[in-house]
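These are my notebook entries on one chain. I recorded what I looked up, entry by entry.

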Amino acid sequence: SMEAMQTALREAGAQSLSDETFDTLRVEQGYGVWGREWSREYIPLETGLLDAICFSKGCYVGQEIIARMESRNRLAKQLRGLRLTMDAGPERSRRDGRWTMDKQDSTQKLEVGGKEAGDLTSMVLSPRFGPIALAYVRTAHAAPGSMVGIAGTDAHGEVVELPFAGKGTEELGNE
């Protein structure tokens with residue numbers, strides 16, 4: 001039973017994660033959650049879930065769009081990590097040890113040169129990497145090293161590949 005498994009795990013020294021710790025770990029790994037990175041706003045190819053798509057299965061809702069985007073290899077936006085500036089950003093409060101966006105249920109717009117460049121969907125203060133976020137960045141600005149602004153603020157973020165702890169991101173640790 002589930003209760004027996006939980007007891008065995010506790011006896012072996014396992015501890016439950018807090019919501020805050022889970023959120024930080026999932027952002028560090030680039031994992032989305034429903035209602036933020038996963039919603040009807042984004043197609044599976046944009047979310048990085050290409051491995052979850054079957055291209056040989058029979059008909060399903062949205063199949064034509066998925067097949068067309070896969071064959072043309074042209075995505076409007078892509079899920080990326082952002083390394084945020086520490087001193088500015090969306091109005092945040094430090095609640096339970098994590099930064100929160102003003103509107104917890106909505107995304108924050110990204111911009112480059114005054115034009116919309118995507119959506120910031122999740123933001124955390126990571127003990128390993130500092131302030132980081134997940135965002136859907138328009139393909140024109142999605143290359144690692146690109147800089148995007150957070151609309152309505154003086155903050156900006158550097159685009160990085162996911163996960164934050166992956167190859168080429170070791171330098172993201174706190175200086």
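**Entry 1: Overall make-up.** I counted four helices and eight strands in the chain. The model is a predicted one. Reading along the sequence, I noted the pattern α-α-α-α-β-β-β-β-β-β-β-β. I then looked up burial and found that buried residues account for 37% of the 175 residues in the chain.

**Entry 2: The barrel.** In which order do the six strands close into a barrel? I read the order as β1-β6-β5-β4-β7-β8, with antiparallel pairing. On average, neighbouring strands of this sheet are turned by 40° against each other, direction ignored.

I went through several of the pairings. Strands β4 and β5 pair in the antiparallel sense over five bridges, and in β5 the bridge partner of lysine 109 is aspartate 119. Strand β4, residues 108-112, also pairs with strand β7, residues 147-150, in the antiparallel sense over two bridges. Here I found isoleucine 150 of β7 to be the bridge partner of leucine 110. Strand β7 is in turn joined to strand β8, residues 156-160, by three bridges, and the two run antiparallel. In β8, glycine 157 is the bridge partner of valine 148.

Entry 3: For reference, most residues other than glycine have a negative phi, and most peptide bonds are trans.

I also looked up the peptide bond from leucine 162 to proline 163, which is cis, with omega near 0°. Proline 163 lies in the segment after β8.

Lysine 109 forms a salt bridge with aspartate 119, with the closest N and O atoms 2.7 Å apart. This pair links distant parts of the chain, since lysine 109 is in strand β4 and aspartate 119 is in strand β5, 10 residues apart. I noted aspartate 119 as buried, because its relative accessible area of 7% is under the 20% limit. Lysine 109 also meets glutamate 116 in a salt bridge, 3.4 Å from N to O. Lysine 109 is partly exposed at 37% relative accessible area, and glutamate 116 is partly exposed at 43%.

Glutamate 116 has a salt bridge to arginine 138 as well, at 4.0 Å from N to O. That pair too links distant parts of the chain: glutamate 116 is in strand β5 and arginine 138 in strand β6, 22 residues apart. Arginine 138 is partly exposed, with a relative accessible area of 34%. I concluded that salt bridges with shared partners join Lys109, Glu116, Asp119 and Arg138 into one network.

**Entry 4: Nonpolar cores.** Nonpolar side chains tend to be buried together in soluble globular proteins. Which residues of the largest nonpolar core touch the most other members? Of its 14 residues, I listed Leu82, Leu84, Leu110, Leu120 and Val137. The elements giving two or more residues to this core are β1 (77-84), β5 (115-126), β6 (130-138) and β7. Another core of 10 residues lies apart from it, and its members include Val27, Tyr42, Val124 and Phe129.

**Entry 5: Helices and surface.** In helix α2, residues 19-29, I found Asp23, Thr24, Arg26, Val27 and Glu28 to be buried.

On the surface I noted a nonpolar patch formed by Met2, Met5 and Leu9, with about 320 Å² of accessible area together. Leucine 9 belongs to helix α1, residues 2-11.

**Entry 6: Lysine 77.** Last, I looked up lysine 77, which is found in strand β1. I recorded lysine 77 as buried, because its relative accessible area is 19% and the limit is under 20%. Lysine 77 is 63 residues from alanine 140 in sequence, and their C-alpha atoms are 8.2 Å apart in space.

Definitions and conventions: Residues numbered from 1 in each chain as written. Predicted model: local features only at pLDDT ≥ 70, side-chain atom pairs only at ≥ 80, totals over all residues. Heavy atoms only, no water. Pairing = 2+ DSSP bridges. Patch = residues over 30% accessible without salt bridge, like charges linked within 9 Å, V, L, I, M, F, W, Y side chains within 5 Å. Areas by Shrake-Rupley, 256 points an atom, 1.4 Å probe, with all protein chains shown as cover. Salt bridge = Lys/Arg side-chain N within 4 Å of Asp/Glu carboxyl O. Core = buried A, V, L, I, M, F, W, Y, C linked by side-chain atoms within 4.5 Å. Buried < 20%, exposed > 50% of the residue type's maximum accessible area, 1.4 Å probe, protein only. Axes fitted to C-alpha atoms, helices over the stretch in contact; angles between N-to-C directions.
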